[in-house]
Amino acid sequence: MMDLSDVIAAIHERLPELGERIAERIRADVPAYADESLIPFDSLRQSCTANADLVLSHLRRSGAPDPGPARETGRIRAEQGMPLADILHAYRIGFEFVWSEILTQARTRTTVPDAQLVDRSAEIWHLFGLYAEAVAAAHRETTAELAVQRGARRSALVEALFSGVIADRITLWDAARELGLPERGPYAVVAAAADSPGEEPLPGVEASLRHAHLPSAWRLLADQQIGLIAVGAPEAEATGLRILRRAGARVGVSPRFSSLRDTPQALRFARLALAGLPGGGSGVARFDDNPLAMLVAAAPAEATHLMNVVLKPVLDLPGLERTRLLDTLKHWFDAGGSAATTAQRLYVHPNTVRYRLRRVEELTGRSLSDPHTVADLGAALLAARSPAAGRNPATDETTSTA
């Protein structure tokens, strides 16, 4: 009496043909395997033949299954970028094909007991579960390793752009291509302050920008998260700024620039914009929005000296009076020199504003009708409000508008 082992042995003798037929079926039924440039047919055929050999050999000899080849398949397919779902689909097709072949051949031999078919069907599907698990585990491990490698590579390229160091074998074009950025701008650099080391002040920003069709590349430092964004048209840049504002962080943005070679300088501008952001709360400051504030932030020691030279008599006043005068002066500048608008914003009478401005003129010995004086006071006031220039006298005490 012929048993099922004889049937399996006969099929095993036609292994090359079986492997090719399985490969053809997988290529026809799983679209991901149809790409010859990703997985050449010869490679797929060899893999199918090896796996069929593994299954048939186990069914002939029994014993403990060897998941090693399945793990190797999972590793290779992960390196090729094949989705795990497609790999498992292909594995199921292969096992179904082998078992279908066994059933077809067994039915031509009436001497094969049905009990053997039942027993072996449970065995082959148990084997499929073991191999599928091995494939999946290897695929996940390899994918995680590749993600770490790609992340390290991406981080190194971003660092090279920000530092201006590009290796001889890596051109700016290569870096842009690997980072998913256009070769030419306009670009902008972003610097966001981190509340604690290693914490992202702009979590999920790259995905949000990508969704808005704004490619970007980011680097997390101990105290900042810095990024390079392909901003495109002005309306696209406005979308990017809205995304940055939603994060609720302190953010500085550089001017637009067209060449990646200018990335290091743009990073400096972005950091100056961040340093010039007044107060301690969140906000987005663009370098181009207030160039004078950026100059103040660029030279904190000089800005502090300027503040003391121009505003020292005001700064030496008692806290409440000092705060009133500085706050009035700030609102006057923001209102374009309009006493009426300043009064509305401070909820006081315009004459009160004029009195306070005259008091500033008396204390400093400078006339607010002199353009040079206005420029000096404006720069000094920015220095007083900037954390880059040290203490912020304007916010030492609660502002009073009485």
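The chat below goes through helix packing and nonpolar cores in a predicted model.

User: Let's start with H3 and H4; how do their axes cross?

Analyst: In this predicted model, the axes of helix H3 (residues 41-61) and helix H4 (residues 68-79) come within 10 Å and cross at roughly 160°. Angles over 145 degrees count as roughly antiparallel, and H3 and H4 are therefore roughly antiparallel to each other.

User: And is that crossing left-handed or right-handed?

Analyst: The crossing of H3 and H4 is left-handed.

User: Which residues meet there?

Analyst: From H3, Leu-44, Ser-47, Asn-51 and Leu-54 take part, and they meet Pro-69, Thr-73 and Arg-77 in H4. Sorted by class, this contact of H3 with H4 has three nonpolar, three polar and one charged residues.

User: OK, now H1 and H5, what angle do they pack at?

Analyst: H1 and H5 pack at an angle of about 120°, and their axes are 10 Å apart; H1 and H5 are therefore oblique to each other. The crossing in which H1 passes H5 is right-handed.

User: Which side chains are we talking about, and how do they divide by class?

Analyst: On the H1 side there are Leu-4, Val-7, Ile-8 and Ile-11, which meet Glu-101, Ile-102, Gln-105 and Ala-106 in H5. The residues of this contact of H1 with H5 divide into six nonpolar, one polar and one charged.

User: Switching topic: how many residues are in the largest nonpolar core, and which have the most contacts inside it?

Analyst: The largest nonpolar core has 44 residues, and those with the most contacts inside it are Ile-26, Tyr-33, Val-98 and Ile-102. Two or more residues of this core come from each of helix H1 (4-13), helix H2 (15-29), H3, helix H5 (84-107) and helix H6 (114-163), and the largest share, twelve residues, comes from H5.

User: What does Val-98 touch, leaving aside its neighbours within four places in sequence?

Analyst: With those neighbours left aside, Val-98 is in contact with Leu-18, Ile-22, Ala-52, Val-55, Leu-56 and Ile-124.

User: One more residue, Ala-303: where is its place, and is it buried or exposed?

Analyst: Ala-303 has its place in helix H12 (residues 300-315). Because its relative accessibility is 5%, Ala-303 counts as buried, the cut-off being under 20%.

User: How far is Ala-303 from Ala-384?

Analyst: Their C-alpha atoms are separated by 8.4 Å, although Ala-303 and Ala-384 are 81 residues apart along the chain.

Definitions and conventions: Residues are numbered from 1 along each chain as its sequence is written. This is a predicted model: local features need pLDDT of at least 70, side-chain atom pairs count only at pLDDT 80 or more; totals for chains, interfaces and linings use all residues. Side-chain values use heavy atoms; hydrogens and water are left out. Axes are lines fitted to C-alpha atoms, for helices over the stretch in contact, and angles run from 0 to 180 degrees between N-to-C directions. Helices (H or I, at least four residues) and strands (E, at least two) are DSSP runs, numbered from the N terminus. Angles under 35 degrees count as roughly parallel, over 145 as roughly antiparallel, 65 to 115 as roughly perpendicular and the rest as oblique. A crossing is left-handed if the near helix is turned anticlockwise from the far one by less than a right angle, and right-handed if clockwise. Contact means heavy atoms within 4.5 Å. Ala, Val, Leu, Ile, Met, Phe, Trp, Tyr, Cys and Pro count as nonpolar, Asp, Glu, Lys and Arg as charged, and the others, Gly among them, as polar. A nonpolar core is a set of buried Ala, Val, Leu, Ile, Met, Phe, Trp, Tyr and Cys residues joined through side-chain atoms within 4.5 Å. Buried means under 20% relative accessible area, exposed over 50%, partly exposed in between (1.4 Å probe, protein chains only).
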